Amino acid sequence: MRYDSPLAAVGNTPLVRLPHLSPSEDVRIWAKLEDRNPTGSVKDRPALHMIEQAEKDGRLTPGCTILEPTSGNTGISLAMAARLKGYRIVCVMPENTSSERRELLTMWGAEIISSPAAGGSNTAVRVAKELSADHPDWVMLYQYGNPDNAGAHYATTGPEILADLPSITHFVAGLGTTGTLMGVGRYLRERVPDVRIVAAEPRYDDLVYGLRNLDEGFVPELYEESVLTTRFSVGSVDAVTRTRELLQQEGIFAGVSTGAALHAAIGVGRKAVKAGESADIVFVVADGGWKYLSTGIYTAETTEAAVEALQGQLWA
Amino acid sequence: MAIEVRIPTILRTYTDGEKTVEGNGATLDELFADLESRHAGVRERLVEDGKLRRFVNVYLNDEDVRFLDGISTELADGDSVTILPAVAGGSGTAMGITGRR
């Protein structure tokens, strides 16, 4: 495939069947490899779309500063696009995120403002909103509430999946900004009768969970519950186990939140087998494992040791 | 019929500190009644007016039972039930919704 620029090469990612992890011949699991985007994550889609829409309606003009609360992937995608398009970018991220993420953001020229670990992404959002009030000339694209986030998936991810797999019965993705689930979910619901839209949300160990509890619960403005069919809550042990299985059995090197999505995909797959139904289940590989190498989870001797290595860290 | 029930820290006072207990029941409602017979007081923390309390999340094999049949959700041998408190001030669906993005 040929493109006129690196930014034009966002999307059109492969959809691959998992021959070993699919529960049966009739219940098939398919991975949408979003790590094949230019900066290595699904976030290239919403980041580029949000920037282009903001340019189109005049919110973003040459010389502007972009501000975004992000614990990684969206910031990395925005920073790459900002560098190529000539914008300054400031990212607010929790202080307990991996060094790889900081390196990548810095590499693309982003300025990083750390927010306290307590409250995780919720606190980063609050700090960014405060900064935005102090700097009214900065442009916050705000992935949690920007309809162009979900719009990117409605316009590209959804159509790609349906074109590759018209027999799709389930779509599974991580629940963060909710943009992927809302965008792909709406697109599929309009075209596929009875399609099941399944969210996989991270469940942290007591330590991180406790930290997060210091803050109020936060529901992204994009979230609309009626788009979902069901929600899975996936703990660190299952997320790490599935991430390692994906690597060892299917040769896919993915981040930990992908393991959580795979766990939910296998969960709905098992229910289909039990009910005697056939199914084509698509789940999203949100990013590759590169940014999580320093956790040691891929090379740990046992899953128990890998889970131990991840203790206290945010992984999705 | 044995069902594994994971108990959150905040409710472990009812289970002598145990993280996991076993119970029986054809539905979640029956399971909670069974737990009550050995861990007195725990049911009231989970159920109010015959429904799941607002700030309690219950997962059957990791799936949120509010999207299944709530407290009437049917259980089978070998199932795993996880109980978690929802965040105060949240909508009950808010917990952990913001991942690292």
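Modeller: Let's start where the two domains touch: 15 residues of domain 1 of chain A are in contact with 19 residues of domain 2 of chain A (contact meaning that C-beta atoms, placed from the backbone, lie within 7 Å). On the domain 1 side, the residues touching domain 2 split into seven nonpolar, four polar and four charged (Ala, Val, Leu, Ile, Met, Phe, Trp, Tyr, Cys and Pro count as nonpolar, Asp, Glu, Lys and Arg as charged, and the others, Gly among them, as polar). This is a predicted model, so local features need pLDDT of at least 70 and side-chain atom pairs count only at pLDDT 80 or more, while totals for chains, interfaces and linings use all residues. Residues are numbered from 1 along each chain as its sequence is written, and chains are lettered from A and ligands numbered from 1 in the order in which they are written.

As for the bounds, domain 1 of chain A is assigned 6–36 + 157–310, and domain 2 of chain A is 44–140 (bounds come from an automatic or database domain assignment). Taken over C-alpha atoms, the centres of these two domains of chain A are 24 Å apart.

Now the helices. In chain A, α5 (residues 147–164) packs on α6 (residues 179–191) at an angle of about 50°, and their axes are 7 Å apart (axes are fitted to C-alpha atoms, for helices over the stretch in contact, with angles from 0 to 180 degrees between N-to-C directions; helices are DSSP runs of H or I, at least four residues, and strands runs of E, at least two, numbered from the N terminus). That is why α5(A) and α6(A) come out as oblique to each other (under 35 degrees is roughly parallel, over 145 roughly antiparallel, 65 to 115 roughly perpendicular, the rest oblique). Among the contact residues, α5(A) brings A:A150, A:H153, A:Y154 and A:I161, while α6(A) brings A:M182, A:V184, A:R186 and A:L188, among others. By class, that contact has ten nonpolar, eight polar and two charged residues.

Then the sheet. It's an open one in chain A, with four strands running β5-β4-β3-β6 and parallel pairing (strands pair if DSSP finds at least two bridges between them). At the edges sit β5 (111–115) and β6 (139–140) of chain A, each pairing on one side only. Zooming in, β4 (residues 88–94) of chain A pairs with β5(A) in the parallel sense over five bridges.
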